[in-house]
Amino acid sequence: MELTIERDGSAVTAKVNGRIDSTNARDFEEAIRTKIEDGDSAVIMDFENLSYISSAGLRAVLMTAKTLWKRDAKFALCSLSGPVKEVFEISGFDKIIPIHDSREGALGSLDG
């Protein structure tokens with residue numbers, strides 16, 4: 001798993017490459033937590049290059065979302081591949097975390 005962060009004002013895009021599973025979910029969650037600053041009002045996780053996510057990975061995403069929501073920051077996911085999107089749909093996470101087809105769509109949704 002590889003994580004890169006891009007900043008655009010107070011919006012942060014976290015791009016994830018590889019897999020998030022039980023071997024690295026805690027590292028992923030910690031890496032995200034350390035990269036997001038208190039002044040960040042919106043975070044997008046770009047999963048375009050995420051090939052797999054396990055239940056441990058879903059938990060890490062949910063914990064990140066909860067932390068952001070407590071701070072009144074906005075949170076969305078974008079660019080999920082078919083299999084990864086299916087995991088979010090089967091788990092019901094697509095009902096609680098906004099998922100967008102593109103990064104542009106996610107950024108647009110955070111403007112309101």
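The buried residues of helix 1 pack against strand 1 (2-8), strand 2 (11-20), strand 3 (42-53) and helix 2. The model is predicted. In it, helix 1 spans residues 25-35 and helix 2 spans residues 55-70.

**Two faces of helix 1**

- A25, F28, E29 and I32 are the buried residues of helix 1.
- These residues lie on the same side of helix 1, because they cover an arc of only 95° around the axis.
- An α-helix has 3.6 residues a turn, so residues three or four places apart point the same way.
- R26, D27 and T34 are exposed on the other side of helix 1.

**Packing of helix 1 on helix 2**

- Two packed helices are described by the angle between their axes and the distance between the axes.
- For helix 1 and helix 2, the angle is about 20° and the axes are 9 Å apart.
- Angles under 35 degrees count as roughly parallel, and helix 1 and helix 2 are therefore roughly parallel to each other.
- The crossing of helix 1 past helix 2 is right-handed.
- Helix 1 contributes A25, F28, E29 and I32 to the contact, and helix 2 contributes A56, G57, R59, A60, V61, M63 and T64.
- By class, the residues of this contact are seven nonpolar, two polar and two charged.

- T23 sits in the loop between strand 2 and helix 1.
- T23 counts as exposed because its relative accessibility is 67%, and the cut-off for exposed is over 50%.
- T23 and A56 are 33 residues apart along the chain, and their C-alpha atoms are separated by 8.8 Å.

Methods:
Residues are numbered from 1 along each chain as its sequence is written. This is a predicted model: local features need pLDDT of at least 70, side-chain atom pairs count only at pLDDT 80 or more; totals for chains, interfaces and linings use all residues. Side-chain values use heavy atoms; hydrogens and water are left out. Axes are lines fitted to C-alpha atoms, for helices over the stretch in contact, and angles run from 0 to 180 degrees between N-to-C directions. Helices (H or I, at least four residues) and strands (E, at least two) are DSSP runs, numbered from the N terminus. Angles under 35 degrees count as roughly parallel, over 145 as roughly antiparallel, 65 to 115 as roughly perpendicular and the rest as oblique. A crossing is left-handed if the near helix is turned anticlockwise from the far one by less than a right angle, and right-handed if clockwise. Contact means heavy atoms within 4.5 Å. Ala, Val, Leu, Ile, Met, Phe, Trp, Tyr, Cys and Pro count as nonpolar, Asp, Glu, Lys and Arg as charged, and the others, Gly among them, as polar. Buried means under 20% relative accessible area, exposed over 50%, partly exposed in between (1.4 Å probe, protein chains only). The arc is that of the directions from the helix axis to the C-beta atoms.
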